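Open the model in your viewer and have the selection tool ready. We will go from stop to stop, with a short note at each one.

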Amino acid sequence: MPGRAARPRGAAGAHTPAVGPLDAVRAAHPGARVRSWPGALRPGLTHEGELPPAPTPRERVHALLLRGVTAVATAPADPALRSALDRSGLLPARQAPPLEPGARADFAVFDEHGACLATVVAGRLLHRRA
């Protein structure tokens, strides 16, 4: 939804309970905690190829989260990097899950210039810009 993005949090946890305009989601889930960002809520991105360079495996994974990535198409050969990906919850998948009710809660919020404001993986907020 342009202008404001929100996801209710509740019993669904790692799965998306509802998707739609903010007012409709709030009405359907009145007790849900809502986080809002000045951007558009979209499915997470899928990263293909080598992971960005960084001093540590953890920082390489974080570089993906900064971009709104929620799935990695190619598993890295480096065991330390695979471990960092596993701990983050990023999916080893050819495509990120769709943004729809019942799907795993993997999504990102992007501003009007395409910058990632927040990345959520399996219902956990793993990146947000201040």
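Is Asp-106 buried or exposed? Select Asp-106: this residue is buried, with a relative accessible area of 0% (buried means under 20% relative accessible area, exposed over 50%, partly exposed in between, with a 1.4 Å probe and protein chains only).

A word on what you are viewing: this is a predicted model, in which local features need pLDDT of at least 70 and side-chain atom pairs count only at pLDDT 80 or more, while totals for chains, interfaces and linings use all residues. Residues are numbered from 1 along each chain as its sequence is written, and side-chain values use heavy atoms, leaving out hydrogens and water.

Now select residues 116-121, strand β8, where six of six residues are buried (strands are DSSP runs of E, at least two residues, numbered from the N terminus). Phe-107 stands opposite Val-120 here. In the five residues between these strands, look for Gly-114, with a positive phi near 90°.

Finally, select β9, residues 124-128, also joined to β8 by four bridges and antiparallel. Thr-119 stands opposite His-127. This hairpin has two residues between its strands, and Ala-122 takes a positive phi near 55°.

Technical notes. Pairing = 2+ DSSP bridges.
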